[in-house]
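My entries follow in the order I made them.

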Amino acid sequence: MKTTDNTSHKLEDITLSSEFLRKIGNKDLQELQQDNLFLFPPHISEDSSLSDNQKVIETNADIFKTTNIMGIVGYNQEQLFIGSRFDNGTNFFFYYLLKRVLNFNFLNLEVGSKNQRNYMDWLIYLFPKYLNESLKKGLYKEYRTYQYNDFNVRGTIDVKRQIKENVPFTGKMAYRSREYSYENSLIHLIRYTIEYIKKHKEYRKVLTHDAVTRENIKAIEEKSQNYQQQGLHQIYSHNLRKPVRHAYYFEYRFLQQLCLSILSQETVIHNKNGKDKLYGFLFDGAWLFEEYVNLLIQADFLHPKNKQHQNRQQLFGKQSAGKLGAIYPDFISKNENERIIADAKYKPFDNIYGKDYLQLLAYMYRFDSNKGFYIYPYQSSETRSHHETFHLLRGVNGMSRMRAIESDISVIKLGIQIPSHAETFKEFEVEMTLAETRFKNIIGEQTDTGFKDI
């Protein structure tokens, strides 16, 4: 079944089985994370507007409703695809966001409703992204115990082996040593995944698409010369039982999960472990759009990261040392003379109201800003204006009036136009590039600084 985010359907029109709805309907992300689902961002707590009790779909006796989550979720032989409500039936915008934000590369394959990507495609195309993110921390290594029998003792003497191998005594000592090694079960799992992808002609190009991926694969291959010693099933089972726990190697946990999912497609493993499994890829729509906007304006705006505590700001100061009230506006302009606060909203023009305004105005007051932006997506087929300015009033009720020009405080709703009539993904990309240029030009006019090309 195919639908879009934030959309309601009559339950009688839904083609999914009651078993599927029981498994996924009204289940929060905390429950679903226990299954084979990949969430973006990886942890609900990391830079995400989602909470533990966020649902993927909500159902009752009459209504089937999607939330702010996009992606693909499957159970047994059934799949639900949730695209963007700002698409025009093609999923081009959703795929474009994935490509820009996550480098989700579809290579030269046609993208669109007539050729819906299946679960295996998603797994393979995400492999380079996960691999490259993990290897930014360096190659994963862990302690392994090695047995030696030589003249240079560097560990614990193995008495039984010493008697067995070195009597009569020749000068050698049998001993054990714990050492860091790249030859470990996780590196071997990654190597098996690389070899699996190489075997499939339709996928192997993902391994050579860019120089970083090629270099990282070379590093894995050099450090996994003995990957076949234990065999695929033993390596798979070991990684399934022992997920990566070390905080420093946080990214490797998700690479490990991805490799297990890819290798589970091997017939024997799949039949043993794949039955009655929930699987898929889920994306926080608000996070995805916000990260996309950051790519467009990052040259001139700071982008505070909430849970990562990057560019954290405070509301209050104390007479004693310290500050209070950590806040994370979406974007803060780098121009100190004319500070602008911007907020990315993955919602239609008319759905930006009430507390949205209050939050932005609070941030503007904190940073002595007279100008704020709401940045949101809209379909090019819409006829209304998508660049409107709202001026803050002063006074009470009937005495309310416009402020003087020198004290004007304004909020501007600024839309990014999404092409409505592109027939191919390549055509859509060209039109999106033009729309992005227009968008940056408008912001450049507002900031009086212009924008650098990205």
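**Salt bridges**

I counted first: the structure holds 16 salt bridges. I kept in mind that this is a predicted model.

I started with Arg85 and Asp5. Their closest N and O atoms are 2.9 Å apart, and they form a salt bridge. Arg85 sits in the loop between strand S7 (78-83) and helix H3 (92-102), and Asp5 in the loop between strand S1 (2-4) and strand S2 (8-10), so the pair ties together parts that are 80 residues apart in sequence. I checked the cover on each partner. Asp5 is buried, at 0% relative accessible area. Arg85 is partly exposed at 24%.

Next I went to helix H6. Arg191 and Glu195 both lie there, 4 residues apart, about one turn of the helix. Their side chains meet in a salt bridge at 3.0 Å, N to O. Arg191 counts as buried because its relative accessible area is 12%, under the 20% cut-off. Glu195 is partly exposed, at 22%.

I then looked at Glu221 and Lys198. Their salt bridge has its closest N and O atoms 2.6 Å apart. This pair links distant parts of the chain, with Glu221 in helix H7 and Lys198 in helix H6, 23 residues apart. Both are partly exposed: Glu221 at 22%, Lys198 at 34%.

I also noted a network of salt bridges that links Asp158, Arg161, Glu165 and Arg176.

**A charge without a partner**

What is the nearest side chain of opposite charge to Asp210? I found Arg214, 6.4 Å away. Asp210 is buried and has no salt bridge, because a bridge needs the nitrogen and oxygen within 4 Å. Asp210 lies in the loop between helix H6 (185-198) and helix H7 (211-222). A polar atom of its side chain lies 3.1 Å from the backbone nitrogen of Val212.

**The sheet**

I traced an open sheet of 6 strands in the order S12-S15-S16-S17-S21-S18, with mixed pairing. Strand S12 (301-302) and strand S18 (387-391) are the edges, each pairing on one side only. S12 pairs with strand S15 (331-333) in the antiparallel sense over 2 bridges. Leu302 stands opposite Ile332 there.

I stopped at Gly415 in strand S21 (410-418). Gly415 is buried, at 11%. Beyond its sequence neighbours, Gly415 touches Tyr376, Tyr378, His386 and Phe439.

**Whole chain**

The chain has 13 helices and 21 strands. Of its 454 residues, 46% are buried. It exposes about 23700 Å², with 48% supplied by carbon and sulfur atoms.

Technical notes. Residues are numbered from 1 along each chain as its sequence is written. This is a predicted model: local features need pLDDT of at least 70, side-chain atom pairs count only at pLDDT 80 or more; totals for chains, interfaces and linings use all residues. Side-chain values use heavy atoms; hydrogens and water are left out. Buried means under 20% relative accessible area, exposed over 50%, partly exposed in between (1.4 Å probe, protein chains only). Lys and Arg count as positive and Asp and Glu as negative; His and the chain ends are not counted. A polar contact is a pair of N or O atoms within 3.5 Å; within protein, one must be able to donate a hydrogen and the other to accept it, and residues adjacent in sequence count only if both atoms are side-chain atoms. Accessible areas come from the Shrake-Rupley method with a 1.4 Å probe; for residues, only the protein chains shown count as cover. Contact means heavy atoms within 4.5 Å. Two strands pair if DSSP finds at least two bridges between them. Lists of a residue's contacts leave out its neighbours within four places in sequence.
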